[in-house]
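User: I have a structure open and would like to learn how to read it. Please take me through it step by step.

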Amino acid sequence: MNDKCQSAKQSEPPSGTSRFGYVSVLLIGAYLGILFAKSEVARWERIHDMFLFREAHMYLIIGVAIVVAMVPMFVIKSLGITTVDGKPIEYKPKPFHTGVIIGGILFGAGWAITGACPGPMYAQIGGGESMAVWTLAGAMLGMFTYAALKTQLPH
């Protein structure tokens, strides 16, 4: 294989993902980051006030997000829309167990302390809030700890 073909082959993205796919994800992520910043979802004070029940701003945003997710799911179910492979799109709720309660408490505590859940955490980092890097480090530590202890946790 000549050098020109070799270098062209190395610059191609992994199979199954096009450059358009990567650019699309980047643009959607940038849009969400701007949306999080402008709606103040990524502000620590908003999260803090939500958990202290001082204002309804975040509860309204979460409620709107649930409705926005419900409408397409309703349309998908009622029209019988399938995946690109022709398989039906289904929502299967996970079973409720002790691990859900423990995980929810840990997630909520981390959210209350840091003022960020996974999406806004990246918006905070992009907005220059240096403390959000520690939130990311804590999230990564939690993820790796869960992976290491998964077999010993209640499921």
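**Reading a helical model**

Analyst: Begin with how the chain folds back on itself: of the contacts in the protein between residues at least 6 apart in sequence, 34% join residues at least 24 apart. Keep in mind that this is a predicted model.

User: How much of the protein is buried?

Analyst: A residue is called buried when its relative accessible area is under 20%. By that cut-off, buried residues account for 12% of the 155 residues in the protein.

User: Which residues form the largest nonpolar core?

Analyst: Look for buried nonpolar residues joined through their side chains. Here the largest such core has five residues, namely Val41, Ile47, Met50, Met58 and Trp111. Take Met58 as an example: apart from neighbours within four places in sequence, Met58 is in contact with Val41, Arg46, Ile47 and Met50.

User: How do I describe the way two helices pack, for example α3 and α4?

Analyst: Give the angle between the axes and the distance between them. Helix α3 covers residues 44–51 and helix α4 covers residues 57–79. They pack at an angle of about 95 degrees, and their axes are 8 Å apart. Angles from 65 to 115 degrees count as roughly perpendicular, and α3 and α4 are therefore roughly perpendicular to each other. On the α3 side the contact is made by Arg46, Ile47, Met50 and Phe51, and on the α4 side by His57, Met58, Tyr59 and Ile62. Sorted by class, this contact has six nonpolar, one polar and one charged residues.

User: And what is the angle between α3 and α5?

Analyst: The axes of α3 and α5 cross at roughly 130 degrees and come within 8 Å. That makes α3 oblique to α5. In this contact, Trp44, Ile47, Met50 and Phe51 of α3 meet Gly108, Trp111, Ala112, Ile113 and Thr114 of α5. The classes here are seven nonpolar, two polar and no charged residues.

User: Which residues of α3 are buried, and what covers them?

Analyst: In α3 the buried residues are Arg46, Ile47, Asp49 and Met50. They lie on the same side of α3, because they cover an arc of only 165 degrees around the axis. What covers them includes α4 and α5, the latter being residues 98–114.

User: That list has Asp49 in it. What is its relative accessible area, and what does it touch?

Analyst: Read the accessibility before the contacts. Asp49 is in helix α3. Its relative accessible area is 16%, so Asp49 is buried. Not counting residues up to four places away in sequence, Asp49 touches Arg54 and Glu55.

User: Is Phe53 buried or exposed?

Analyst: A residue counts as exposed over 50%. Phe53 has a relative accessible area of 67%, so Phe53 is exposed.

User: How far apart in space are Phe107 and Gly142?

Analyst: Compare the separation in sequence with the C-alpha distance. Phe107 and Gly142 are 35 residues apart in sequence, and their C-alpha atoms are 9.7 Å apart. Phe107 lies in helix α5 and, at 43% relative accessibility, counts as partly exposed. Beyond neighbours within four places in sequence, Phe107 is in contact with Cys117 and Pro118.

Definitions and conventions:
Residues numbered from 1 in each chain as written. Predicted model: local features only at pLDDT ≥ 70, side-chain atom pairs only at ≥ 80, totals over all residues. Heavy atoms only, no water. Axes fitted to C-alpha atoms, helices over the stretch in contact; angles between N-to-C directions. Helix = DSSP H or I, 4+ residues; strand = E, 2+ residues; numbered from the N terminus. Parallel < 35°, antiparallel > 145°, perpendicular 65-115°, else oblique. Contact = heavy atoms within 4.5 Å. Nonpolar A, V, L, I, M, F, W, Y, C, P; charged D, E, K, R; others polar. Core = buried A, V, L, I, M, F, W, Y, C linked by side-chain atoms within 4.5 Å. Buried < 20%, exposed > 50% of the residue type's maximum accessible area, 1.4 Å probe, protein only. Arc of directions from axis to C-beta.
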